[in-house]
Amino acid sequence: TGLRIEFCVTRLDPFKTGETINAKNHPVCRLVLAGPAAADLVNKMQQVGATMAQQGIMKPQDPTKNTSK
């Protein structure tokens with residue numbers, strides 16, 4: 001098995017004052033990785049996150065809390 005990752009950008013539709021702002025996601029890159037490559041990517045990203053937390057760039061999140069809305 002593998003891992004499929006889709007990177008997207010969000011683009012805002014033109015709007016005028018008083019109108020609702022509309023945004024659309026557009027895929028800009030699709031990446032498919034084999035199992036070992038996906039595991040290596042996850043490990044590397046965990047290392048990056050730990051380094052950023054040590055440097056105070058980001059705060060570690062509590063994995064027991066659900067941050068999605």
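Search the whole structure and you'll find 2 salt bridges, where a salt bridge is a side-chain nitrogen of Lys or Arg within 4 Å of a carboxyl oxygen of Asp or Glu. Before we look at them, keep in mind that this is a predicted model: local features need pLDDT of at least 70, side-chain atom pairs count only at pLDDT 80 or more, and totals for chains, interfaces and linings use all residues. Residues are numbered from 1 along each chain as its sequence is written, and side-chain values use heavy atoms, with hydrogens and water left out.

Let's get our bearings. The protein chain has 1 helix and 2 strands, and along the sequence they come in the pattern β-β-α. Here helices (H or I, at least four residues) and strands (E, at least two) are DSSP runs, numbered from the N terminus.

Now for the salt bridges. Glu 6 pairs with Arg 4, with the closest N and O atoms 3.6 Å apart. Glu 6 also meets the side chain of Arg 30, at 2.7 Å from N to O. Arg 30 sits in strand β2 (residues 23–34) and Glu 6 in strand β1 (residues 2–12), so this pair ties together parts that are 24 residues apart in sequence. Because the salt bridges share partners, Arg 4, Glu 6 and Arg 30 end up in one network.

Arg 4 is exposed at 56%, and Arg 30 is exposed at 53%. The cut-offs are under 20% relative accessible area for buried, over 50% for exposed and in between for partly exposed (1.4 Å probe, protein chains only).

Zoom out to the whole chain, and buried residues make up 6% of the 69 residues. A compact globule of 69 residues would have a radius of gyration near 11 Å, but this chain has 17 Å. That radius is taken over C-alpha atoms, and the globule rule is 2.2 Å times the number of residues to the power 0.38. Along the principal axes, the C-alpha atoms fill a box of roughly 45 × 30 × 25 Å.

What about contacts, meaning heavy atoms within 4.5 Å? Among those between residues at least 6 apart in sequence, 37% join residues at least 24 apart.

Finally, the charges: there are 9 positive and 5 negative side chains, and the centres of the two sets lie 2 Å apart. Lys and Arg count as positive and Asp and Glu as negative, while His and the chain ends are not counted. Each charge is placed at NZ of Lys, CZ of Arg, CG of Asp or CD of Glu.

Notes:
Contact = heavy atoms within 4.5 Å.
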